[in-house]
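Biologist: Hi! Could you walk me through this one while I have it open on my screen?

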Amino acid sequence: MSHLISDIILIGPVGTGKSTLGKLLAQKLGISQCSMDDVRLDYYQEINYDAELAQQIRQKAGFEGIYRYWKPFEAYAVERLLSEHKNCVIDFGAGHSVFEDNELFQRVQKVLAPYENVVLILPSPNLEESIQILNERNGGIVSNGVDFNEHFVKHHSNHDLAKFVVYTNGKLPEETRDDILNMIKV
């Protein structure tokens, strides 16, 4: 599994800079970047994602409803993306590393287990401060009483899947990129 050593997988909440850092890391290392947000819908459709149903759910139940609908598709997308992309930097969408359903979480945990460089990106080691910073960045994501910035920051999934954690607050993206490169195994 030595080909997995150079893969870098970035996970974390909405607005932490995963895509920006993915681009900077890929440029610095001279490898490609794959952003889950760019390919996820193609993977979802492989297992009968229904865009009309998704739209109806979102209209009726808001972001919280669509978030729940996406979960099985997100686990599948992680499996598919990792089976197709090697020797690159991969940035997950925020939901692709947070699973309330233990079976889905275990699927993702199993497929990520061989990867040495799974990096959780958070603004601060203080989780409350991270939530506050993300709320300032993205205006807060609250639906049906669920605060998704808080959920993504505090949920065990991100923390359990990560092999490294990098904090961004007060740093330029290039400084955070260099922090990642100093921590990981390449």
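Modeller: Happy to; we can go through the overall fold, a helix pair and a pocket. Keep in mind that this is a predicted model.

Biologist: Thanks! How many helices and strands are there in the chain?

Modeller: The chain has eight helices and seven strands. Its C-alpha atoms fill a box of roughly 45 × 35 × 25 Å along the principal axes.

Biologist: And what is the radius of gyration of the chain?

Modeller: The chain has 16 Å, which agrees with the value near 16 Å that a compact globule of 186 residues would have.

Biologist: Nice. On to the helix pair: at what angle do the axes of H1 and H8 cross?

Modeller: At roughly 65 degrees, and the axes of H1 (residues 18–29) and H8 (residues 173–183) come within 9 Å. The crossing of H1 with H8 is right-handed.

Biologist: Which residues in H1 and H8 meet there?

Modeller: From H1 there are Thr20, Leu21, Leu24, Leu25, Lys28 and Leu29, and they meet Pro173, Glu174, Thr176, Arg177, Ile180 and Leu181 in H8. By class, this contact has seven nonpolar, two polar and three charged residues.

Biologist: Changing topic, how much space lies in the largest pocket?

Modeller: About 290 Å³. The largest pocket has 20 lining residues, with Val14, Asp37, Gly93, Ala94 and Gly95 nearest its centre.

Biologist: Which elements give two or more residues to that lining?

Modeller: Those are H1, H2 (36–46) and H3 (51–84). H3 gives the largest share, four residues.

Biologist: And how does the lining of the largest pocket divide by class?

Modeller: Nine of the lining residues are nonpolar, seven are polar and four are charged.

Note on methods
Residues numbered from 1 in each chain as written. Predicted model: local features only at pLDDT ≥ 70, side-chain atom pairs only at ≥ 80, totals over all residues. Heavy atoms only, no water. Axes fitted to C-alpha atoms, helices over the stretch in contact; angles between N-to-C directions. Left-handed = near helix turned anticlockwise from the far one by under 90°. Contact = heavy atoms within 4.5 Å. Nonpolar A, V, L, I, M, F, W, Y, C, P; charged D, E, K, R; others polar. 1 Å grid on protein atoms, 1.4 Å probe; cavity = no way out; pocket = protein on both sides within 12 Å on 5 of 7 lines; lining within 4 Å. Points joined across faces, edges and corners; volume = space filled by probe spheres on them. Rg over C-alpha atoms; globule rule 2.2 N^0.38 Å.
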